[in-house]
Amino acid sequence: MIMLSVNGRQVEVDHGTSLLDAAKAAGVHIPTLCYYPGLPAHAVCRMCLVEVEGTQNPQPACHVLAKDGDVVETDTQALQSFRQANAEWLLARHPNDCMRCEVNGACQLQRLVSENQWEERWPKVPAGSTDASECLSTDHTSPSIWRDLSKCIECGLCADVCGEAVQQQHIIGFANRGFDRRPVTVFDQPLGDTNCISCGQCTLVCPVGALIEAPHWHDVLHALDSGRRVSVVQVAPATRIAISEEFGLKPGTVSTGRLINALRQLGFDYVFDTNFAADLTIMEEGSELLARIEAGTRLPLFTSCCPGWVNWVELNRPDLLPYLSTTKSPQQMHGAIAKRSGFARSLGPDFANGKTEPYVVSVMPCTAKKDEAARPGMSGDVDRVLTTRELARMIRSRGIAFGALAEDGQFDSPLGESTGAAQIFGASGGVMEAMVRTVSHLKGADDALSLEWESLRGVRDGVKSATIPGVGTVAVCNGIAAAQRMLEKEDWRNEFIAIEVMACVGGCLGGGGEPKSMDPDILQKRAKAIYGVDAKAPRRSSYENADVQALYASELGKPNSPAALELLHTHYAA
Ligand code: HC0
Ligand code: SF4
């Protein structure tokens with residue numbers, strides 16, 4: 001351990017701790033813009049400069065390691081002026097539209113300026129000048145991600161997260177030097193023309209509004225206000241936990257009831273649970289796996305409920321398409337059932353008269369779900385997809401005090417019934433664990449012994465695996481980079497019978513549409529909450545979902561029947 005002083009406070013930290021983390025341990029906040037926990041520190045924004053006794057120039061606290069005996073000052077007059085000058089430089093090139101910006105209230109530059117009451121001293125570059133920013137346009141070509149380079153502060157976090165540090169997609173990098181330095185896509189193409197998989201991790205780390213999810217929430221508010229169509233909303237497993245953070249509740253707080261009440265206050269006619277369809281997905285995908293095992297073909301089966309992963313296969317490894325499960329994701333299954341099943345028509349006159357098609361909205365922790373909903377072959381079953389962050393904006397915009405809402409909200413039935421297996425879909429390994437529970441049951445294993453699969457859990461490991469007696473070994477790739485590494489070797493073809501891939505580390509609870517968080521343990525906190533909900537659930541395996549059973553009895557017959565294949569399965573394109 002080493003001892004140092006920060007603003008006169010003594011603190012003891014481990015060797016290898018940055019000055020930024022040492023200050024945090026001492027209870028001192030140092031402003032940052034280009035820093036993000038877990039990503040490389042480039043020290044380009046210079047906001048975290050501190051004075052260290054004995055060194056001539058200010059040091060970037062994110063980058064410099066604490067040493068025994070350091071005496072650090074973080075808030076001298078000289079440092080304040082330095083930060084102010086840096087902020088002014090950024091503001092001089094930044095558009096003046098904060099009030100209408102999609103990240104208004106969640107922008108780190110805005111927060112810094114407002115906390116410090118810095119003013120713009122330098123005039124803005126006039127429109128029409130030959131300045132480099134003139135050619136920085138907005139890019140709305142991707143169905144999931146919008147770019148606005150005029151807002152970029154060149155922190156480099158998008159390039160880091162998309163590149164070597166996390167996703168290893170390398171869609172965004174930096175071009176030029178000095179004043180002209182800017183993030184560009186491969187060959188400077190519009191994002192929609194690149195191999196971007198829409199994972200949205202770049203939107204999660206962007207400290208400003210340069211990279212955001214393609215917003216759907218304005219459309220949804222208009223549709224709700226017009227009241228022309230019966231409105232249906234479904235909520236993903238990860239959203240009900242992470243949305244708590246948007247409203248200042250402790251990370252890991254389960255807000256299912258509050259969220260349902262907020263959605264009703266927003267005006268949705270029916271509030272359903274994506275988890276119902278997750279149980280249905282397991283029935284279809286588990287049966288598909290058993291059929292492939294019996295036939296000895298197209299093994300291992302790859303899960304296909306993560307659209308970032310499906311995009312990656314289509315764009316990079318079309319040879320793997322036959323291995324993807326044809327089962328639709330829960331989001332798309334839910335939309336198909338709500339819009340096109342006789343089961344939904346039994347919900348009431350709004351559905352039965354068939355005059356107006358229901359308006360189906362999903363709330364997802366994911367940006368790629370937006371382009372999944374728009375895929376050919378999905379029949380427009382989901383009209384709009386909101387990220388967790390967008391829903392929070394909607395709730396705020398309608399003056400709903402989320403934290404004060406009652407926790408007693410209940411999903412509408414029957415498309416709201418679910419088991420613990422569906423809830424764990426939100427965590428890396430959860431889809432596979434859910435499938436193992438049902439497949440083991442179908443193979444006659446003792447249910448009590450095959451409920452919890454610890455070796456498939458965990459939000460930081462790369463590839464996880466478990467062997468199911470009488471069935472085979474299954475694997476989980478936690479993040480697209482882990483999948484790429486696994487695919488580089490050929491062992492996966494013989495080693496596993498089924499492989500779950502989630503493009504985001506941590507699974508959906510680390511999705512690109514989740515609340516932005518600087519808490520390095522945030523994934524663990526969200527995962528703990530997810531597994532807690534499962535542990536307390538009265539039914540924990542998908543085959544026990546009574547409403548799913550009723551759907552098969554009344555309409556679909558059995559899993560993978562012709563009716564089920566028509567409504568609940570899809571195909572992929574190379
Ligand atoms: Fe997920 Fe899903 S678990 S992808 O991460 O399969 O987005 O939360 O809603 O569709 O259920 C996301 C989360 C879902 C779907 C489910 C799956
Ligand atoms: Fe890269 Fe994902 Fe962002 Fe696309 S959405 S640019 S793949 S981080």
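Helices here are DSSP runs of H or I with at least four residues, numbered from the N terminus. With that in hand, a word of caution: this is a predicted model.

So which helices each supply at least two residues of the shell around ligand 1? They are H9, spanning 274–295, and H11, spanning 330–340. H9 gives the largest share, with 3 residues.

There are 21 residues around ligand 1, and the ones that come nearest are Ala-236, Ala-238, Cys-305, Cys-366 and Cys-508. Sorted by class, the shell holds 13 nonpolar residues, 7 polar ones and 1 charged one.

## How the chain is divided

The protein chain splits into three pieces: domain 1 covers 2–90, domain 2 takes in 93–121 plus 136–213, and domain 3 runs over 217–568.

Domain 2 and domain 3 have their C-alpha centres 28 Å apart. Where they touch, domain 2 puts in 16 residues and domain 3 puts in 25 residues. On the domain 2 side, helix H5 (residues 201–205) makes the largest contribution, 3 residues. What is that side made of, by class? Count 7 nonpolar, 8 polar and 1 charged residues on the side of domain 2 that touches domain 3.

## An annotated stretch at 78–117

UniProt, in an unreviewed entry, places the feature "domain: 4Fe-4S His(Cys)3-ligated-type" at residues 78–117. In the model, this span is 60% helix and 0% strand, and its end C-alpha atoms sit 16 Å apart.

## Helix H3, face by face

Now for helix H3, residues 108–116. Which of its residues are buried? Gln-108, Leu-109, Leu-112 and Val-113 are. Looking down the axis of H3, these buried residues fall within an arc of 135 degrees, so they line one face of the helix.

That buried set packs against helix H2, which spans 77–92. Over on the other side of H3, Ser-114 and Glu-115 are exposed.

Conventions
Residues are numbered from 1 along each chain as its sequence is written. Chains are lettered from A and ligands numbered from 1 in the order in which they are written. This is a predicted model: local features need pLDDT of at least 70, side-chain atom pairs count only at pLDDT 80 or more; totals for chains, interfaces and linings use all residues. A residue is near a molecule or strand if its C-beta atom, placed from the backbone, lies within 6 Å of it. Ala, Val, Leu, Ile, Met, Phe, Trp, Tyr, Cys and Pro count as nonpolar, Asp, Glu, Lys and Arg as charged, and the others, Gly among them, as polar. Domain bounds come from an automatic or database domain assignment. Two residues are in contact if their C-beta atoms, placed from the backbone, lie within 7 Å. UniProt positions are given in the numbering used here, feature names are shortened, and annotations may be inferred rather than shown by experiment. A residue is buried if 20 or more other C-beta atoms lie within 10 Å of its own, exposed if 12 or fewer, and partly exposed in between; C-beta atoms are placed from the backbone. The arc is that of the directions from the helix axis to the C-beta atoms.
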